[in-house]
Amino acid sequence: MHLIQVDSVQRWMEDLKLMTDCECMCILQSKPISIEKDEENELMLSSQHSTCGNLQLLLKRAWIVSTEFTRIAQKLEKNRWQRVHSMTVRVNCHVRSMINEHNMLTRSSSEEMHQFEKLLIDKCSEFTAFTERCIQTEDEQILKSMKSCINETLSTVAQYFGQLIELILTNEAQNLLRQIEFSDNVYITESALSSLFSLTQEGAHLCRIIAKEGGVVALFKICRQDCFRCLYPQTLRTLASVCSVEEGMHQLEKVDGILCLADILTDSSHSEATRAEAAAVVAQITSPHLTFSQHLSSFLENMEEIVTALVKLCQEASSGEVFLLASAALANITFFDTVACEMLLQLNAMKILLAACSDKQIVDTPYSRDQVVTILANMSVLDQCASEIIQGNGVQLLLEMLFEKSSSGNSAEVAACERVQQKSAVTLARLSRDPEVADAAVKLSCIPRLIKLCRSPAERNNSDSVLVACLAALRRLAVMSPDKLEDSDFQQLVKPRLVDSFLLCTNMEESFV
């Protein structure tokens, strides 16, 4: 979870309130201070968080409890009985506090949930009693025999706790989806959508819960109602998150989601923001990193319409973000099916993409250039691409991409720059089959840049994948123009086996001291 990445002092400050509550609960055993229950609750709930805020609090408490379970297991392994007991008491308090908070903030808990809560509290009490007996004896044999019982109880408590959290989250997802499905009020639906989107940002597990509870069906229902047009971008953004898991993809197939996305993309009456978010969903479901996207049979049926609409969106994009989403979808589709490359060629996509790259307002980040060069690399397997590259001054663009550098030093941006360098070298290697492209590359001094990338690890950010791609491109160009390489470069980078040149280049700056 993202909580782990927060500064430690900040985390401690945030946790302090929960720890203080915990000490109070230890004494009060979850009993309310006031007998006037309803009045007090109304007072406390007057400043109630949103659904999203309540869930954040719940997830934070759950994270603390899960961490405590791990620490108890570690201390138990080392026979630190006093620590095991004190931590067990703390977990007991946290669990009671969490259940108490949840019940105060939720008016509609099911009977099943109350049973689970009682079961968990009873098991926590049993666990605390077990560990208390351990600190009252010093007999090693007794402690040894009790250790397995404690381990077993700890596993049971952790299991019950996980099931309760799952039940609470499922209940919350059901409530939000019910609001989305049955409300005809734009403001109520928008609020529920906002909370649902926040849930999807908490990780794949919550996306699975939402998908299993019919989230994809409910979201596509909104996208098919004109009265909710203003909510389409927000709905599609949530859909993209839910469809990052296999359960979401299966639901998408069942409700003809691809057809709905195709309709949105091809309907020019929709706003650019709506079509951009639809492109984001397409990019998500066609991601080459997903092992379950190959089952999208309905995508192939609608692919021509979708590809045509995406190319148009790239051409007419008013911002870098819109271009990025549309080009990312196209890049993924070129991996998804090879026929897409032929479609792109017929649609003059190469010319459109090369023209977009000259507009620094549109192709404004390494991430956008990564998408463009991915499309070029995948299209370059087609022989007809060479003439398009020449006409669109594409060799010059590929050379510029070989100089791609991160301006911020951000790790994600650095990785994107490496991918741009690698794919531009791959594209050059593939296109240099054509003598005209190879001649243009030589005239534009691509060979010196490729040699520099091979010989200087810093230029390629020590990336091995960039090195391999540059060696391959260099060897292809050397076949066409061997006289353009110095003898030392030829002897070290071209003549040996690729693996030997690779090892030579990777060892260039090693220290053997």
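Student: At what angle do helix α23 and helix α24 pack, and how far apart are their axes?

Tutor: In this predicted model, α23 (residues 446-455) and α24 (residues 464-480) pack at an angle of about 145 degrees, and their axes are 9 Å apart. The crossing of the two helices is left-handed.

Student: Which residues of α23 and α24 make the contact?

Tutor: From α23 come Cys446, Ile447, Leu450, Ile451, Leu453 and Cys454. From α24 come Leu467, Cys470, Leu471, Ala473, Leu474 and Leu477. For the spacing, keep a general point in mind: an α-helix has 3.6 residues a turn, so residues three or four places apart point the same way.

Student: How should I read the angle between α18 and α21?

Tutor: Angles under 35 degrees count as roughly parallel. Helix α18 (residues 366-379) and helix α21 (residues 411-431) pack at about 25 degrees, with axes 9 Å apart, and are therefore roughly parallel to each other. Their crossing is left-handed.

Student: Which residues make the contact between α18 and α21, and what classes do they belong to?

Tutor: On α18 the contact residues include Arg369, Asp370, Val373 and Ala377. On α21 they include Glu413, Ala416, Arg419, Val420 and Lys423. By class, the contact has nine nonpolar, four polar and six charged residues.

Student: What span should α13 have, given its number of residues?

Tutor: Helix α13 (residues 272-285) has 14 residues, which at 1.5 Å a residue should span 20 Å. The C-alpha atoms at its ends are 20 Å apart, in agreement with that value.

Student: How many of the residues of α13 are buried?

Tutor: Buried means under 20% relative accessible area. Eleven of the 14 residues of α13 are buried, so the helix is largely enclosed by the rest of the structure. Among them are Thr274, Arg275, Glu277, Val281, Val282 and Ile285. The buried residues pack against α10 (232-242), α11 (246-254), α12 (257-266), α14 (297-316) and α15 (320-336).

Student: What does asparagine 332 touch, and is the residue buried or exposed?

Tutor: Asparagine 332 is found in helix α15. With a relative accessible area of 12%, this asparagine is buried. Leaving out residues up to four places away in sequence, asparagine 332 touches Ala283, Thr286, Ser287 and Pro288.

Student: Which residues of α16 are buried, and what covers them?

Tutor: In α16 (residues 339-346), the buried residues are Ala340, Cys341, Met343, Leu344 and Leu345. Their cover includes α14, α15, α17 (349-357), α18 and α19 (385-391).

Student: Where is aspartate 256, and what is its phi?

Tutor: Aspartate 256 lies in the loop between α11 and α12. Its phi is positive, about 55 degrees, although the residue is not a glycine. Aspartate 256 is partly exposed, at a relative accessible area of 43%.

Student: How many helices and strands are there in the protein?

Tutor: The protein has 26 helices and zero strands. Buried residues make up 50% of its 513 residues. Of the contacts with a separation of 6 or more, 74% are between residues 24 or more positions apart.

Key: Residues are numbered from 1 along each chain as its sequence is written. This is a predicted model: local features need pLDDT of at least 70, side-chain atom pairs count only at pLDDT 80 or more; totals for chains, interfaces and linings use all residues. Side-chain values use heavy atoms; hydrogens and water are left out. Axes are lines fitted to C-alpha atoms, for helices over the stretch in contact, and angles run from 0 to 180 degrees between N-to-C directions. Helices (H or I, at least four residues) and strands (E, at least two) are DSSP runs, numbered from the N terminus. A crossing is left-handed if the near helix is turned anticlockwise from the far one by less than a right angle, and right-handed if clockwise. Contact means heavy atoms within 4.5 Å. Angles under 35 degrees count as roughly parallel, over 145 as roughly antiparallel, 65 to 115 as roughly perpendicular and the rest as oblique. Ala, Val, Leu, Ile, Met, Phe, Trp, Tyr, Cys and Pro count as nonpolar, Asp, Glu, Lys and Arg as charged, and the others, Gly among them, as polar. The expected span of a helix is 1.5 Å times one less than its number of residues. Buried means under 20% relative accessible area, exposed over 50%, partly exposed in between (1.4 Å probe, protein chains only).
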